[in-house]
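Subject: Structure handover

Hello,

The structure is below, followed by notes on what was found in it. Please keep it open while you read.

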Amino acid sequence: MRYLLFILMLASPAMAVEPSEMLADPVLEARARVISKGLRCVVCQNENIDDSNAGIAADLRVLVRERLTLGDTDEETMQYVVDRYGEYVLLKPTFFGSNMILWLMGPFLLLAGGFGAIVFIRGRGKQRPEEGLDADEQEKLARLLRD
Amino acid sequence: MFVELGQYALILAFVFAIVQAIIPMIGAQKGWNNWMVIAVPTAQIQFILLIGSFAALTYAFVVSDFSVQLVANNSHSDKPMLYKVTGVWANHEGSMLLWNLILAIFGAAVATFGNNLPPELRARVLSVQAMIGVAFLAFLIFTSNPFLRLDIPPINGNGLNPLLQDPGLAFHPPFLYLGYVGLSMAFSFAIAALIEGKVDAAWARWVRPWTLAAWVFLTIGIALGSWWAYYELGWGGYWFWDPVENSSFMPWLAATALLHSAIVVEKRDTLKAWTVLLAIIAFSFSLIGTFLVRSGILTSVHAFATDPARGTFVLGILAVAIGGALTLYAFRANTLKSHAVFSTFSRESGLVLNNLLLSVAAAVVLVGTLWPLVIEFTTGDKISVGAPFFDMAFTPFMVVLAMALPIGAILPWKRAKLGNSMKPLWGMMALSVALGTYVWATQTGGRMLAPIGLTLASWIILGAVADFANRSRFGQIPLRDSMRRLRNLPRSDWGKVLAHSGLGMIIFGISAVTAWETEDIRTTQFGERYELSGYYFTLNKVENLEGPNYDIVRAEILVEDGSKSWLMYPEKRNFIVQRMPTTEAAIDISLTRDVYIALGDPQEGGGYAVRIYIKPFVDWIWIGAMVMALGGLTSLFDRRYRVAAPSRKRAKPLAAPAE
């Protein structure tokens with residue numbers, strides 16, 4: 001049941017941005033759309049306000065457009081929303097504090113894993129036999145010679 | 001009556017699973033053959049019992065037996081027959097029964113077709129498989145029983161979520177589960193190998209086809225889900241980095257890594273310990289995915305805490321399976337040594353790089369998916385990790401993978417001279433860069449996404465072509481001889497070229513639609529004609545119609561592209577039982593672009609809200625995924641995996657009646 005509930009919330013089926021909400025100035029509207037895609041609809045499951053059909057998402061879309069019309073920059077608009085709704089609305093987590101671990105996990109694992117892989121590959125290469133026999137063949141040869 | 005039989009069969013299957021988990025394992029340790037062979041009939045009987053149990057539940061749905069709680073909660077007598085049947089697994093309990101059934105199918109397959117396996121290995125594999133079965137059957141019976149009766153049956157059911165009443169989503173879960181659960185085979189083989197302390201080419205030859213099959217199913221399942229989202233949700237999104245999607249994507253990434261590393265084990269007898277670890281990790285991702293989706297922890301940590309029975313149970317399974325497997329691995333991995341030699345530039349090294357990138361990418365998805373939970377548990381703060389994070393943190397690994405792929409794929413085993421191997425590739429590389437540059441020079445707006453994406457996509461596809469041209473010595477020997485050489489290449493080589501080309505097509509589709517999509521959202525008046533990216537649209541009329549269990553509001557829109565014109569019919573459906581609206585976008589599909597129209601609500605002051613998108617090359621994403629799956633399938637039918645063919649005939653009668 002929860003799964004169903006979840007899908008239900010994920011997929012608000014009707015429209016997201018309504019024509020009535022949109023700004024006449026295409027440049028301003030385009031900026032609003034970009035900002036909206038980075039803001040989470042707080043009552044939805046992992047959905048941004050641009051795609052969401054929830055009432056509160058519509059309110060936020062209008063709020064973003066109001067701030068832009070008042071002359072706020074993109075950053076100021078974002079900050080305005082975060083100040084009121086908390087970091088929860090940011091779909092892209094900040095690059096501060098413990099979130100550093102999240103952001104740096106990929107590069108760190110790549111370096112660590114890459115180091116391990118290089119050590120492994122180097123190790124494989126060093127055992128290169130002079131006669132063109134690989135280790136298994138050498139082992140067999142040794143066994144044959146012993147017998 | 002049938003429902004009670006289904007319940008009874010379920011409990012019997014649980015008992016047989018317990019027997020199968022214990023007896024063959026002891027037999028294999030002690031070398032008692034008659035204890036080991038118990039695994040074969042128990043696995044087959046379990047399969048038949050679960051087929052029976054599943055059939056009983058399906059029957060209850062088909063005849064709309066509302067005295068069964070699950071049917072009452074999730075079905076309705078007016079629902080089309082197709083969705084009565086698919087409704088069986090469109091809920092928690094039924095889907096877990098399907099999970100167990102698929103687990104039993106895989107177990108029975110090894111029991112039936114595994115005559116050429118060493119008896120100890122088969123006994124251990126089936127025993128581990130049964131342990132997983134015991135855990136999940138217990139989960140089903142004790143926390144999620146699908147056969148519960150109601151004292152007072154309602155007159156009609158609650159119906160199925162309208163969004164699930166769709167062919168794309170109806171068949172999405174079975175494919176995903178075939179993939180998820182198929183990875184249990186690789187897991188069971190890995191555990192058996194750790195117990196025996198032996199991994200050899202024969203082991204890899206057994207593990208690889210199972211992994212490949214699971215991977216093909218996962219690929220199809222994920223593609224179906226993404227396609228469904230595209231046409232159903234009303235704005236043409238196809239991937240959201242949603243935790244549920246990630247839950248299926250992580251096992252896919254791990255399985256992709258695994259089926260590549262298993263090649264190294266099979267062909268070169270090295271990378272053994274890593275491959276065993278990957279097999280464990282791949283199935284662990286399946287379990288984590290099951291936990292995330294089934295526990296409700298994703299919706300909210302609090303939802304998990306208020307009804308913890310199911311979540312705790314799966315978490316317990318998770319801890320025992322993953323913890324136990326990794327502990328066993330820590331003690332036994334050092335027995336899996338190999339002495340194969342290869343140099344820095346070799347196919348082996350290429351596949352190590354493939355595994356490194358895919359594993360790190362999977363880890364990034366895992367950490368991103370779990371991070372909000374980690375933060376909430378440790379600090380109590382609520383944060384979100386969404387698409388913008390994954391786009392930034394995941395994509396670079398895929399870019400590097402795409403750059404390295406054609407080179408790694410063309411390098412010979414053991415030792416390569418990079419200069420020699422690269423010879424057939426230089427031309428293709430130049431051509432791909434030229435294509436990218438051309439796109440960059442001609443497009444309006446300066447986004448680098450399309451040029452880079454197109455360069456990488458064509459590099460992968462052309463690289464695969466170059467590989468084939470090289471191997472058939474195209475241009476060096478008469479054409480007819482080249483064609484003959486091409487025909488005689490092993491199926492697995494064809495599979496490789498197909499799967500890699502499929503990846504190229506996906507990359508092309510994603511970058512093209514992301515960079516070049518155009519949209520128009522407006523209040524449209526009847527008869528008003530307007531333009532978007534060279535297409536002209538006119539709203540002719542809006543009418544009300546009736547569907548089988550929903551009402552329809554349907555618009556007729558005239559589309560003209562200069563040379564021809566056609567009509568499109570976007571709909572809104574209102575499901576009567578659930579009082580829930582869904583959008584049915586009208587999509588005009590072609591290889592170069594989709595015209596995507598979604599109908600919105602009537603507006604104050606007349607007219608309707610209409611959203612129109614032109615989505616260039618978007619279908620390449622799913623065509624690419626299908627080509628990829630076809631590649632896996634082709635590889636699966638390679639001659640060297642058909643070693644089990646003779647024994648198949650002999651064993652067939654046992655499994656035949658149930659299929």
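Chain B is assigned domain 1 (1-160), domain 2 (166-337 + 350-361), domain 3 (417-516) and domain 4 (518-616); such bounds come from an automatic or database domain assignment. This is a predicted model, in which local features need pLDDT of at least 70 and side-chain atom pairs count only at pLDDT 80 or more, while totals for chains, interfaces and linings use all residues. Residues are numbered from 1 along each chain as its sequence is written, and chains are lettered from A and ligands numbered from 1 in the order in which they are written.

The centres of domain 1 and domain 4 of chain B, taken over C-alpha atoms, are 44 Å apart. Five residues of domain 1 of chain B are in contact (C-beta atoms, placed from the backbone, within 7 Å) with four residues of domain 4 of chain B.

Between the chains, 49 residues of chain A are in contact with 54 residues of chain B. On the chain A side, H1 (2-10), H5 (99-126) and H6 (135-146) each supply at least two residues; helices are DSSP runs of H or I, at least four residues, numbered from the N terminus. H5(A) gives the largest share, 13 residues.

Within chain B, helices H11 (243-268) and H15 (347-379) pack at about 160°, with axes 9 Å apart. Axes are lines fitted to C-alpha atoms over the stretch in contact, and angles run from 0 to 180 degrees between N-to-C directions. H11(B) is therefore roughly antiparallel to H15(B), the term for angles over 145 degrees.

Regards

Methods
Angles under 35 degrees count as roughly parallel, over 145 as roughly antiparallel, 65 to 115 as roughly perpendicular and the rest as oblique. Two residues are in contact if their C-beta atoms, placed from the backbone, lie within 7 Å.
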